[in-house]
Amino acid sequence: MLPLFNRLLKFLDKDVRLPLAFSLHEIGKIIGADQTKQYLFPCLDNILKDGSDQLKLGSISHLSEFVELFNSEVRENLIDVFLVLQKDPRKWRIRHSIASQIGNLSKIYSPQVVFQYIVPIAFKLCCDPVS
């Protein structure tokens with residue numbers, strides 16, 4: 001199934017790739033943390049590097065659920081994704097999606113990570129005219 005998932009993500013047609021991006025976290029729940037890290041994390045990385053903002057938004061809208069699948073060590077390595085994504089001032093939908101996940105992020109990360117990373121993101125997004 002995972003090779004098929006990877007092949008479908010390489011299609012040029014957004015109608016094929018978009019549902020996959022939106023369901024990445026659900027596939028992760030089914031296959032478990034180890035296989036998600038091995039097979040789906042590279043998919044997420046490719047989606048985030050893709051030129052399509054719509055595709056990025058699909059995976060970002062459930063990013064906290066995706067991150068929640070991993071242990072705390074892997075989660076802490078993924079906090080950089082949120083830091084990078086919320087910086088672009090032209091991507092208001094992405095910032096809005098991250099803002100809507102702040103509550104869940106504060107539950108899945110350790111207090112130290114929340115204080116060091118999540119709170120500054122939350123304060124920055126509080127000043128955002130869209131988020």
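**Helices, a cavity and a pocket**

Modeller: In this predicted model, helix α2 (residues 14–22) packs with helix α5 (residues 53–60), their axes lying 7 Å apart at an angle of about 25 degrees.

Colleague: Why is α2 called roughly parallel to α5?

Modeller: Angles under 35 degrees count as roughly parallel. The angle here is about 25 degrees, so α2 is roughly parallel to α5.

Colleague: What makes the contact between α2 and α5?

Modeller: Contact means heavy atoms within 4.5 Å. From α2 come K14, R17, L18, A21 and F22, which meet Q54, L55, G58 and S59 of α5. By class, that contact has 4 nonpolar, 3 polar and 2 charged residues.

Colleague: How many cavities of 30 Å³ or more are there, and which residues line the largest cavity?

Modeller: The count is 1 cavity of 30 Å³ or more, and the largest has a volume of about 30 Å³. It is called a cavity because a 1.4 Å probe fits there but cannot get out. Its lining is made up of A21, L24, H25, L44, S59, H62, L63 and F66: 5 nonpolar, 3 polar and no charged residues. Helices α3 (24–31) and α6 (63–67) each supply at least two of the lining residues.

Colleague: And which helix gives the most to the lining of the largest pocket?

Modeller: That is α4, with 6 residues. The largest pocket holds about 190 Å³ of space and has 14 lining residues, with N6, L9, K10, C43 and N46 nearest its centre. Its lining divides into 8 nonpolar, 3 polar and 3 charged residues.

Technical notes:
Residues numbered from 1 in each chain as written. Predicted model: local features only at pLDDT ≥ 70, side-chain atom pairs only at ≥ 80, totals over all residues. Heavy atoms only, no water. 1 Å grid on protein atoms, 1.4 Å probe; cavity = no way out; pocket = protein on both sides within 12 Å on 5 of 7 lines; lining within 4 Å. Points joined across faces, edges and corners; volume = space filled by probe spheres on them. Helix = DSSP H or I, 4+ residues; strand = E, 2+ residues; numbered from the N terminus. Nonpolar A, V, L, I, M, F, W, Y, C, P; charged D, E, K, R; others polar. Axes fitted to C-alpha atoms, helices over the stretch in contact; angles between N-to-C directions. Parallel < 35°, antiparallel > 145°, perpendicular 65-115°, else oblique.
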